[in-house]
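The sequence and structure are shown first, and the description follows.

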Amino acid sequence: MSEENEIAWLKLSDGSDLVLTRLHVIHRRDRGVLGESRSIVPRSAISRVRIAWRRSLGLAALGAASAAVYLFMLVGGGLGGISGIFPEPGATLDLAVQYGSLVAAAAFLASFWFYKPMEIEIAAGTATITGTPKSYEEAQEFSARLTAESEPGERTGEREAEAPAQRTGRESEWEL
């Protein structure tokens, strides 16, 4: 079991954990009474690690739509001036809708700017582990440890096997 020492942990927002060991990456999801699941991917099989954050286009669209409603109410004179639903010009519903849409536009656009969901994806040949980390910096540190060699002498055997044999005689003279 000395090979399965835990090198790093990454807490995900859904309560699950990514655990990095010397040989594997383990995704543990404990659901209490409902059960537990584990996905284990060998480190040697990992082909890609991706960390990303992005802003929500839906929040920007809702903010723009709320701003358009505000501008429509401001320029058009409210609901009573255009459709005749409220004939009295000083209807309080007009002001409530107008300023409510202004506040909603500001809230949606502020949410668009400050809310940046993150995700980490560890892809292997046949399996992919994805999750939403609690901290972007912790996810960067985890992925740096994941992509780094766990021990200095661990992969030297692989490199020696891939190295071409030493050339002798005439082969060494014909280099491009």
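## Nonpolar core

A nonpolar core is here a set of buried Ala, Val, Leu, Ile, Met, Phe, Trp, Tyr and Cys residues that are joined through side-chain atoms within 4.5 Å. In this predicted model, the largest such core has 15 residues, and those with the most contacts inside it are Leu10, Leu18, Val25, Ile122 and Phe142. Two or more residues come from each of β1, β2, β6 (118-124) and α4.

Isoleucine 122, one of the residues with the most contacts inside the core, touches Leu18, Val25, Ile46, Arg48, Ala127, Thr128, Ile129, Phe142 and Leu146 when residues up to four places away in sequence are not counted.

## Four-stranded sheet

Four strands form an open sheet in the order β1-β2-β3-β4, and their pairing is antiparallel. The edges are formed by β1 (6-11) and β4 (36-42), each of which pairs on one side only, and from one strand to the next the twist averages 15°.

Within this sheet, β2 (residues 17-21) and β3 (residues 24-30) are joined in the antiparallel sense over four bridges, with valine 19 having isoleucine 26 in β3 as its bridge partner. The antiparallel pairing of β3 with β4 extends over seven bridges, and arginine 28 stands opposite arginine 38 in β4. The hairpin of β3 and β4 has five residues between the strands, and in this hairpin glycine 32 takes a positive phi near 65°.

## Helix across the sheet

Helix α4 (residues 136-147) lies across β1, β2 and β3, and runs at about 150° to β1.

How values were computed
Residues numbered from 1 in each chain as written. Predicted model: local features only at pLDDT ≥ 70, side-chain atom pairs only at ≥ 80, totals over all residues. Heavy atoms only, no water. Pairing = 2+ DSSP bridges. Axes fitted to C-alpha atoms, helices over the stretch in contact; angles between N-to-C directions. Contact = heavy atoms within 4.5 Å. Buried < 20%, exposed > 50% of the residue type's maximum accessible area, 1.4 Å probe, protein only.
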